[in-house]
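Work through the exercises below with the structure open. Each task is followed by a solution in steps.

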Amino acid sequence: AVIKEKMLTTLERDRLKIKVKALEEQITNLTNKNDNNINTTTKRSATRTVRKQATFPNDDISSNPYHDVDFDPPDIINYQLRRSYKGHLNSISSCAFHPKKPIFATGSDDEVWKLWTLNDNELVMSGEGHKSWISDIDFHPFGSHLATSSGDNTIK
């Protein structure tokens, strides 16, 4: 046991000697560098950029070029039903389109959300878990996540 303790203290001493030597070299390098740069000033550049705070748009309505323009109402006589999706047991309370892929999500009063394809009207996926009606549904801007909110005061 004494030999083991002596070996451990020798190892620790050697480690400390190496640390002291490295620190002494660092100090001499810094003092030599400071002696050479006493009269010169160096300007450091930032290593990362700092983002500016976002500003709110002007409350001035004159900055909106379409503020005083009147648009004709759409001709709803030419509107027609293109597709009908059947899959929810109750009414649909929200709908969201994927930002990149041809799919969309629906949330319903039956506490279920569903993903649909736009082209084939096929059900891709559905999910449950809320204890009340789904109040809203939306995709992450990159399309990587789907979030739902519910009347049970939860977001999933």
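**Exercise 1: Strand pairing**

Strand β3 (residues 113-117) and β4 pair in the antiparallel sense over four bridges. The model is a predicted one.

Task: Find which residue of β4 stands opposite tryptophan 113, then give the order of the strands in the sheet.

Solution.
1. Opposite tryptophan 113 is glycine 127, a residue of β4.
2. The open sheet has four strands in the order β1-β2-β3-β4, with antiparallel pairing.
3. β1 and β4 (123-127) each have a single partner strand and stand at the edges, so one side of each has no neighbour in the sheet.
4. On average, neighbouring strands of this sheet are turned by 20° against each other, direction ignored.

**Exercise 2: Histidine 130**

Task: Decide whether histidine 130 is buried or exposed, and find the polar contacts of its side chain with threonine 148 and threonine 154.

Solution.
1. Histidine 130 is in the loop between β4 and β5 (134-139).
2. The relative accessibility of histidine 130 is 6%. Buried means under 20%, so histidine 130 counts as buried.
3. The side chain of histidine 130 makes a polar contact of 2.7 Å with that of threonine 148.
4. A polar contact of 3.1 Å links the histidine 130 side chain to the side chain of threonine 154.

**Exercise 3: Phenylalanine 71**

Task: Classify phenylalanine 71 as buried or exposed, and name the residues of its nonpolar surface patch.

Solution.
1. The loop between α1 (2-36) and β1 (92-97) holds phenylalanine 71.
2. Its relative accessible area is 61%. Exposed means over 50%, so phenylalanine 71 is exposed.
3. Phe71 forms a nonpolar patch on the surface with Tyr66 and Val69; together they have about 360 Å² of accessible area.

Conventions
Residues are numbered from 1 along each chain as its sequence is written. This is a predicted model: local features need pLDDT of at least 70, side-chain atom pairs count only at pLDDT 80 or more; totals for chains, interfaces and linings use all residues. Side-chain values use heavy atoms; hydrogens and water are left out. Patches are made of residues with over 30% relative accessible area and no salt bridge: like charges are joined within 9 Å, nonpolar side chains (Val, Leu, Ile, Met, Phe, Trp, Tyr) within 5 Å. Accessible areas come from the Shrake-Rupley method with a 1.4 Å probe; for residues, only the protein chains shown count as cover. A salt bridge is a side-chain nitrogen of Lys or Arg within 4 Å of a carboxyl oxygen of Asp or Glu. Helices (H or I, at least four residues) and strands (E, at least two) are DSSP runs, numbered from the N terminus. Buried means under 20% relative accessible area, exposed over 50%, partly exposed in between (1.4 Å probe, protein chains only). Two strands pair if DSSP finds at least two bridges between them. Axes are lines fitted to C-alpha atoms, for helices over the stretch in contact, and angles run from 0 to 180 degrees between N-to-C directions. A polar contact is a pair of N or O atoms within 3.5 Å; within protein, one must be able to donate a hydrogen and the other to accept it, and residues adjacent in sequence count only if both atoms are side-chain atoms.
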